[in-house]
Amino acid sequence: MEKPKRENFSSGIAVFFATLGSALGLGNMWKFPYLVGNNGGGAFLFVYLICVFLLGIPVMISEFFIGRHTRKNAIGAFTELKANPFWKCIGYMGILSSLFIMFFYTDVAGWVYSYVFRGIKGDFNILSSLESTKAANTTQSIFLNTTGAGNSAINPMIWQLIVLVVVSLIIIAGVKKGIEKVTKTLLPILFILVIICDIRALTLQGSKEGLNFLFNPDFSKLNGSSIMTAMGLAFFKLSLGMGTMITYASYFTNDNNLMRTPIKVALSDIMVSLLAGIAIFPVVFSFGMKPEGSGMGLLFTTVPLIFMKLPFGNLLLIAFFFLTAIAATTALISLLEVPVAFLSEELKINRTKSVIIISSIVLIVGILTVHPGSLFGNAMIGSRNLFDFYDFLTSNILMPLGGFLIALFVGYVVNKNTLYQTLSNNGTLNIAVSFKLYQFVIRYITPILVLLVFLNSLQIITF
Ligand code: PFF
């Protein structure tokens, strides 16, 4: 039933890199470290890993099935499967999630872009002549200036605009030329750079404490909200529960192994997050910072300190933020692709126009709401400003809910034979055992686990 008329990725390796390109991003370098820091370290990491294996991988396999079997966007896919229209809510919620995420993600990506620029200007050179505490304070104030919290919000707004222009141009170039080329060439270099950071961080004085914090679980630090955060991070990290992977899989080659690719992607993604953590936490302890109090700035306040006394430190710093910018950009490409595929395929608006429409919405809402000092920059919803609210709503509510529904849909609604045929590439792969395991998890474990975490966070049950 597969209709290879649309543009496709050209090979299995391109599929792997594009999917990894969506997963890798600010989630690894920015979010993972600060959430681990805020939620007490090792115990949080432990729960996060459980979520990746029991929620993330099964949901990714399910999204891959829906996307490649139908070769449609996240809404059209459910029409193609002749499902009850109710299930299209997964796609509509996905479009909402992608917009909400882009509102703040483009802002943070802008901070990263601006760090490349600052590096080139030499803003960090001063660090090498300062002693630890002063250097740590300086990175803190550079960070505040970057986000607009320390002065005016115009700069971060301009960077947000630049990010959106770059992403739009790549995506207008199309699936093969744009997404494939960028991800395949540049992601491996990022990997090498993070390893250089690790080597440096491990030779710092506080490295042992940093590693202890990251890898020694202290379960007393876990509570309902940190468990929910770990679950949300697993969905956010692997770009799940919102149709991104449905959309990407619709461009996959027919021979891709839909059960193996998620495992490879998840393991590579975990590895990059851990390597980022191993680079950052030793610095936190060695420079007398506090992991709990460092918040969103953790990446930006620690990484310059890693490089400050190294030969060619500034050059390495520029390369590091440049590659992080690339990772953020490839993740953004996949975020933008969700609404763009919908507009162009369901509403028949041409691709370029669709990109411009969505980018403009993201830019306008983003600029007006996420910067301190902008029109709604200080507005609060409950105890959260809009930046935090978008983040909370997507990671902790919409994406897990989407994952829950996808699990129910594929576990209970989809014809088992169809599922088997697609996942086994029409019987050419031997997946008898893994298919049974997957079916069990997607029917009984994934939905129940998401439900438990939700009920727990609403304090209906406690654990
Ligand atoms: N996975 C990306 C990251 O960790 O940075 C963020 C992301 C990309 C979330 C694409 C959702 C998505 F659809």
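Tutor: Helix α3 bends by about 40 degrees at Val 52, where a bend is the angle between axes fitted to the seven residues ending at a residue and the seven starting there. Residues are numbered from 1 along each chain as its sequence is written. Please keep in mind that this is a predicted model, in which local features need pLDDT of at least 70, side-chain atom pairs count only at pLDDT 80 or more, and totals for chains, interfaces and linings use all residues.

Helix α3 covers residues 42-70, which makes 29 residues, and it reaches 40 Å from its first C-alpha to its last, close to the expected 42 Å (1.5 Å times one less than the number of residues). Because 23 of these 29 residues are buried, α3 is largely enclosed by the rest of the structure; a residue is buried if 20 or more other C-beta atoms, placed from the backbone, lie within 10 Å of its own, exposed if 12 or fewer, and partly exposed in between. After α3 comes Arg 71, with a positive phi near 55 degrees.

Burial is also a feature of helix α13 (residues 298-307), where 10 of 10 residues are buried, among them Phe 300, Pro 304 and Phe 307. Helix α13 packs with helix α14 (residues 313-345) at an angle of about 145 degrees, their axes being 8 Å apart; axes are lines fitted to C-alpha atoms, for helices over the stretch in contact, and angles run from 0 to 180 degrees between N-to-C directions. Here Val 303, Pro 304 and Phe 307 of α13 meet Gly 313, Asn 314, Leu 316, Leu 317 and Phe 320 of α14, and two residues are in contact if their C-beta atoms, placed from the backbone, lie within 7 Å. This contact of α13 with α14 has six nonpolar, two polar and no charged residues, counting Ala, Val, Leu, Ile, Met, Phe, Trp, Tyr, Cys and Pro as nonpolar, Asp, Glu, Lys and Arg as charged, and the others, Gly among them, as polar.

In the loop between α12 (260-286) and α13 lies Gly 295, which is exposed, with 11 other C-beta atoms within 10 Å. Leaving aside neighbours within four places in sequence, Gly 295 is in contact with Tyr 34 and Asn 38.

How values were computed: Helices (H or I, at least four residues) and strands (E, at least two) are DSSP runs, numbered from the N terminus.
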